[in-house]
Protein chains: 2
Amino acid sequence: MTTVQGRSSVPPLSIGKRTTRDIRNASRFAVLRGMYAVGTPTRQELAQLTGLSFATVSTIVNELFGIGLLAEAGREDSGGGRPRARLKLAAERGLLLGVDVAETYIHVDVFDAALHRLTREEHPIRERSDPTYVIGEIVGTIQAALANHPGAPVLGTGVSLPGQVQPEAGVSVFAPNWGWHQVPVQDLLEDRLGLPVHLDNPLKATTVAELWFGHGREVGDLVTVNLGTGVGAGIAIDGQLVRGVTNNAGEWGHTTLIMDGRACRCGRLGCVEAYIGVPGLMATFRAEHPGHPYARLKSQSRFVSSVADGLRREDPAARWLIERFAHELGAALANLVNMINPRRVVLSSWTAQAVGEWLIPPTRERMRAESIAGSADAVVLVMTAVEDSPVGLGMAALALENFLETAGVPSGGNLRG
Amino acid sequence: MTTVQGRSSVPPLSIGKRTTRDIRNASRFAVLRGMYAVGTPTRQELAQLTGLSFATVSTIVNELFGIGLLAEAGREDSGGGRPRARLKLAAERGLLLGVDVAETYIHVDVFDAALHRLTREEHPIRERSDPTYVIGEIVGTIQAALANHPGAPVLGTGVSLPGQVQPEAGVSVFAPNWGWHQVPVQDLLEDRLGLPVHLDNPLKATTVAELWFGHGREVGDLVTVNLGTGVGAGIAIDGQLVRGVTNNAGEWGHTTLIMDGRACRCGRLGCVEAYIGVPGLMATFRAEHPGHPYARLKSQSRFVSSVADGLRREDPAARWLIERFAHELGAALANLVNMINPRRVVLSSWTAQAVGEWLIPPTRERMRAESIAGSADAVVLVMTAVEDSPVGLGMAALALENFLETAGVPSGGNLRG
């Protein structure tokens with residue numbers, strides 16, 4: 001044990017600033033979640049809902065009033081005392097943009113400050129990889145989206161990019177399909193747009209959307225699972241998104257299902273994604289049913305919709321694939337359950353939507369059988385409760401958090417419990 | 001979205017009380033970690049170390065003074081102002097017991113209030129499973145340990161039990177090797193001992209010990225990995241132990257290494273533990289080298305120490321086993337890295353101690369190759385920095401937390417940031 005001799009020799013402890021900021025954010029976030037969950041609560045109800053003291057809730061509420069994000073929704077009798085104010089989010093305070101950038105499209109969702117979606121701008125992009133082209137298309141799509149809302153102030157812009165993103169640095173660290181390394185997307189966008197931009201990736205955005213507006217309104221410990229071309233997860237513990245130390249937590253798609261097994265596009269062998277990503281499902285199907293018409297399909301979305309059709313018609317080959325899918329998916333989900341011990345595992349994405357009706361019951365059974373007893377009893381497998389565009393909604397919510405943290409509320413405030 | 005009509009209709013939000021309590025605990029825990037890390041800091045240094053405000057640190061320090069856990073270690077000139085007090089833990093305030101109960105032994109470590117180990121009592125137990133016998137042996141060993149410290153008050157007793165434990169209920173939910181289901185161990189022990197008892201399991205205790213006294217003094221995001229007969233992990237994120245919703249997080253030993261592979265003692269197929277638990281290593285060795293003398297060994301500890309001898313003598317069969325072990329362990333650790341994205345993966349236990357010199361370099365290489373790029377760069381694989389009895393130390397630390405939470409510091413205190 002070291003004994004210090006003076007201030008300068010004190011080593012930094014890892015629990016330092018990050019925790020303090022988290023405490024401040026957690027309190028503010030709890031109040032905002034209370035607003036979104038309940039609509040027009042009183043301060044007393046917010047304190048009851050969040051477990052925070054009335055004084056702390058009042059401080060946070062006053063700060064949100066101060067930046068115009070809250071307004072009064074009316075007053076009611078409090079049984080003899082001063083009438084109590086009901087609070088509401090000031091939807092008209094400004095716009096929040098949630099931007100979903102994928103390899104083949106850009107979607108810009110425009111929300112009011114209460115996170116109600118107002119409009120959406122969709123724009124296809126070519127499979128060209130250079131940052132100048134992609135950044136230019138993002139800027140153009142955002143400008144087109146904002147043309148529908150002349151004069152409205154923009155509080156924040158959240159942009160989801162594929163691959164590894166470092167939000168604090170505002171950098172796309174690695175986007176495999178574009179060959180991007182260390183592209184300073186936030187600076188490039190802010191220079192062109194003159195708007196505050198917050199970057200993240202789709203898994204983090206989806207998880208935030210689920211936390212704020214989906215199953216997270218009921219439970220704080222959940223794992224969201226995205227099933228598509230790639231597969232991945234987002235982890236929330238006690239209402240907080242788990243980012244990991246470089247924002248890469250949740251790379252469940254590249255955990256092992258069969259060590260030294262099938263080659264994955266990431267370069268390793270036997271990853272979960274190599275089996276249950278859509279190309280993996282197509283390879284599994286072709287190997288077992290080479291003569292079946294679906295085995296000749298090249299398009300991933302055609303393949304999935306054809307399998308869904310086949311299931312409706314009780315095609316045995318489609319049935320076989322879903323059983324295999326459930327066998328692999330259920331085991332891989334049980335790994336999440338055994339590691340994290342959450343209350344809910346939440347499936348999202350088009351694959352799960354298309355075949356969920358047939359996929360979920362056997363997957364649920366398999367996940368339960370493969371999870372240790374105490375964790376299996378605590379968890380349920382469900383479809384997402386965020387039906388429309390969770391990526392855009394989650395990015396808009398992150399943009400709002402960022403607005404509160406950097407612009408709206410002074411970070412030295414006394415918002416800690 | 002629901003609009004409330006009155007207080008009674010407000011639904012509970014999951015972010016409620018647990019977060020508030022966590023905020024209070026996180027602040028107090030930060031101050032205690034500062035004390036253990038630095039020895040005799042000033043209040044100013046604690047504020048600097050923890051990132052908490054000076055006022056919050058003072059509140060917590062005053063409360064710890066109030067219950068006699070802190071004392072002054074001297075005063076020093078502050079450059080013109082009032083002399084600054086250096087603080088120290090009041091070691092003589094009372095005793096903390098850390099009890100490690102395993103299938104074949106009970107160890108009771110007695111610590112002072114500054115968590116320095118004073119004495120240890122070791123007691124073998126027979127492989128008898130009934131709670132009456134086991135509880136009786138625990139009580140007897142604790143009484144024998146306390147006979148060396150007559151008259152000293154006991155602040156808390158932390159008892160680690162094998163299997164699934166629910167600390168808040170004080171219950172052993174499931175202990176597979178004893179066939180225990182829902183045994184109310186806390187009540188049984190408190191009735192016999194007249195001392196406050198806090199239950200947990202060895203993985204949680206080891207992780208707490210690493211957080212307070214090991215690598216956790218430098219990083220808050222780490223995963224501890226125990227390698228022995230069974231294997232398992234403990235997860236810490238931003239300085240906080242991850243328990244999961246039923247205290248079962250970290251069951252990495254029962255995630256999949258090879259789906260539908262080798263039978264595990266848990267009843268499933270292909271678990272990590274089935275390959276790299278010591279019985280798994282013995283099976284792997286016997287299958288490849290059936291005529292080798294080590295293949296006839298029955299004792300797990302004899303097998304591991306023989307392999308270590310073989311490595312010293314450059315026995316090719318021992319070398320083969322370590323390479324295989326590293327291939328499997330490295331892939332399984334990469335799953336942890338890809339899921340959690342920590343700063344350090346910390347190996348503990350007798351297996352790792354015995355063969356670590358040969359095991360760690362190839363495991364490190366394999367773990368890195370199997371981790372996604374951004375996470376591989378951020379993490380290192382290291383041996384534990386808690387050399388002696390992490391289970392006892394961690395349970396004593398948990399007993400201290402429990403003392404502060406339930407007995408020492410009123411829970412309505414203003415310790416929040």
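The structure is a predicted model, in which local features are reported at a pLDDT of at least 70 and side-chain atom pairs count only at pLDDT 80 or more, whereas totals for chains, interfaces and linings use all residues. Residues are numbered from 1 along each chain as its sequence is written, chains are lettered from A and ligands numbered from 1 in the order in which they are written, and side-chain values use heavy atoms, with hydrogens and water left out.

The model has an ipTM of 0.90 and a pTM of 0.90. Residues 1–12 of chain A remain under 50, although the model gives them 30 contacts beyond four places in sequence, a contact being a pair of heavy atoms within 4.5 Å. Residues 14–18 of chain A likewise have a pLDDT below 50, with 18 contacts in the model beyond near neighbours in sequence. Where pLDDT is low, the predicted coordinates should not be read in detail.

In chain B, five strands build an open sheet of mixed pairing, in the order E5-E4-E3-E6-E10. Helices (H or I, at least four residues) and strands (E, at least two) are taken as DSSP runs and numbered from the N terminus, and two strands are regarded as paired if DSSP finds at least two bridges between them. The edges of the sheet are held by strand E5 (117–124) and strand E10 (197–200) of chain B; each has a single partner strand, so one side of each lacks a neighbour in the sheet. On average, neighbouring strands of this sheet are turned by 15° against each other, with direction ignored; axes are lines fitted to C-alpha atoms, for helices over the stretch in contact, and angles run from 0 to 180 degrees between N-to-C directions. Helix H5 (residues 185–193) of chain B packs on the sheet, where it touches strand E6 (154–160) and E10 of chain B, and its direction makes about 150° with that of E10(B).

In chain A, the buried residues of helix H5 (residues 185–193) are Val185(A), Gln186(A), Leu189(A) and Leu193(A). They span an arc of only 95° around the axis, which places them on the same side of H5(A), the arc being that of the directions from the helix axis to the C-beta atoms. These buried residues pack against helix H4 (131–146) and strands E6 (154–160), E8 (171–175), E9 (180–183) and E10 (197–200) of chain A.

Over all chains, 32 salt bridges are found, a salt bridge being a side-chain nitrogen of Lys or Arg within 4 Å of a carboxyl oxygen of Asp or Glu. In chain A, Asp109(A) and Arg117(A) form a salt bridge whose closest N and O atoms are 3.5 Å apart; Asp109(A) is buried at a relative accessible area of 1%, whereas Arg117(A) is partly exposed at 30%. In chain B, Asp109(B) and Arg117(B) form a salt bridge with closest N and O atoms 3.5 Å apart; Asp109(B) is buried at 1% relative accessibility, and Arg117(B) is partly exposed at 29%. Salt bridges with shared partners link Asp109(A), Arg117(A), Arg120(A), Glu122(A) and Asp388(A) into one network.

Methods. pLDDT is the predictor's confidence in each residue, from 0 to 100. Buried means under 20% relative accessible area, exposed over 50%, partly exposed in between (1.4 Å probe, protein chains only).
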